[in-house]
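My notes follow in the order I made them.

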Amino acid sequence: MQKRTLLIAINIITFVLILAAALIFTHVLRGQLVKNFIEEEQSHEFSFAENIANTLRLEMESQLTLFTQLVELPEIQSPDPAICNQKLDDLFLKYGKKLTNIGRMNAAGIFDCSRNRSAIGINGPERAPHLKTIIDDPEHRSVLGRLIPPAAGAVSTGPVTSFHVPIFDKSGTFLGTLGGAINFTDLKDKYLKDVAILEQGYAAIQDDNGDILYHPRAEFMGKNIWSEEMQNITGRSPTLNEMFKNVFAGKKGSTRYVFEGKEKIAAYAPAAVFPGRVWGVVITVPMADLQKVLLTQNIDRTFFQFNLTMAGIIILVFI
């Protein structure tokens, strides 16, 4: 009788141990599947960020090439503002209104003709430091500006900047610059308008000095991520700040972080949009979206049914 009781006890203990081991195994297996799914989603986000970054780079390279060719036109080099203005109007329409504005600045830094007539007479370097850079540079190399604040009393359509290329006559004399304004809201409409990343995912664009060029939350656009305001909003998160440092350094990668109490995953890629300048593209997806996808794939139900089946088989074997 004692041997039978001992045998039953040993069988029960063995059954419990095997069942526990099986449950641990399925739990670990499920965790690995979820981890693989998240890594796959991060890889997908990274590819998405790289595609957007390459598109932005090609767009800027195309504009730089185009403007370098336009400055050779005699109308653009004409000292007569009326001739220059008419040509700028024609070019603006011809190239599909790719830029918010297009204008010529003379060697003294004054806009003497522009698609936006209200800009004529404005001192460029006083409005934007990068325009002073191209004038003062002995080689007058092309420049891409940082964010330009709207003029007092002007109606702002969002963060803008501009790039300028030099104008030289046939003798090599510097005549001024030709440039175009870039509105980041327009860039969003061109390249991010139809971006759909699960339910709450989004794309953002940042300059390499920390300026937020585009973000779906309008109140963030135009602000600098290193400012006290934005650092307070992000909670001075070490994970987020490390990601931003990588973005601004032109690096690519992915990370997980918590923002406003929600866990998220992000992937980022650099867009070398201009010589010596990088914009960073960041794709972010909340973990809640990934969990919804996991539910639609019935992973939890599948493992629950598997555990029940496995427990049943073990019980039958012991019986």
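Predicted model: local features only at pLDDT ≥ 70, side-chain atom pairs only at ≥ 80, totals over all residues.

**Entry 1. Salt bridges**

I counted first. The structure holds 17 salt bridges. I looked up three pairs.

I began with Lys132 and Asp136. Their closest N and O atoms are 2.9 Å apart. Why can these two meet? Both sit in helix H5 (residues 129-136), four residues apart, so about one helical turn separates them. I noted the general rule as well: an α-helix has 3.6 residues a turn, so residues three or four places apart point the same way. Next I checked accessibility. Lys132 has a relative accessible area of 45%, so I logged Lys132 as partly exposed. Asp136 is also partly exposed, at 46%.

Then I took Asp207 and Arg146. This salt bridge has its closest N and O atoms 3.1 Å apart. Is Asp207 buried or exposed? Asp207 is buried, at 1% relative accessibility. The cut-off for buried is under 20%. Arg146 is partly exposed, at 34%.

I followed this pair outward. Arg146, Asp207, Asp208 and Arg277 are linked in a network of salt bridges.

Glu228 counts as exposed at 51%, because the cut-off for exposed is over 50%. Arg236 comes out partly exposed, at 39%.

**Entry 2. The sheet**

Asp207 had taken me to S6, and I went on to the sheet from there. Five strands form an open sheet in the order S7-S6-S10-S9-S8, with antiparallel pairing. Which strands are at the edges? They are strand S7 (212-214) and S8, each of which pairs on one side only. On average, neighbouring strands are turned by 35° against each other, direction ignored.

I then looked at both neighbours of S6. Six bridges join S6 to S10, and these two run antiparallel. Ile205 stands opposite Val281 in S10. Ala204 has Val282 as its bridge partner in S10. On the other pairing, two bridges join S6 to S7, again antiparallel. There, Gln206 stands opposite Ile212 of S7. The hairpin of S6 and S7 has four residues between the strands, and Gly210 takes a positive phi near 105° in this hairpin.

How many residues of S6 are buried? Six of its six are. Both faces of S6 are covered. Tyr202, Ala204 and Gln206 are buried on one side, and Ala203, Ile205 and Asp207 are buried on the other.

**Entry 3. Helix H8**

H8 does, touching S6, S8, S9 and S10. The direction of H8 makes about 145° with that of S8.

I listed the buried positions in helix H8 (residues 238-248). They are Leu240, Asn241, Met243, Phe244, Asn246, Val247 and Phe248. What covers them? The cover includes S6, helix H7 (228-234), strand S8 (253-259), strand S9 (262-274) and strand S10 (277-286). After H8 comes Gly250, with a positive phi near 80°.

**Entry 4. Nonpolar cores**

I ended with the cores. The largest nonpolar core has 37 residues, and Leu56, Leu178 and Trp279 touch the most other members. Which element gives the most to this core? Helix H1 (residues 2-70) does, with nine residues.

A second, separate core has 15 residues. Its members include Tyr202, Met230, Met243 and Phe248. Two of these names I had already met in H8: Met243 and Phe248 are on its buried list.

Technical notes: Residues numbered from 1 in each chain as written. Heavy atoms only, no water. Salt bridge = Lys/Arg side-chain N within 4 Å of Asp/Glu carboxyl O. Buried < 20%, exposed > 50% of the residue type's maximum accessible area, 1.4 Å probe, protein only. Contact = heavy atoms within 4.5 Å. Core = buried A, V, L, I, M, F, W, Y, C linked by side-chain atoms within 4.5 Å. Pairing = 2+ DSSP bridges. Axes fitted to C-alpha atoms, helices over the stretch in contact; angles between N-to-C directions.
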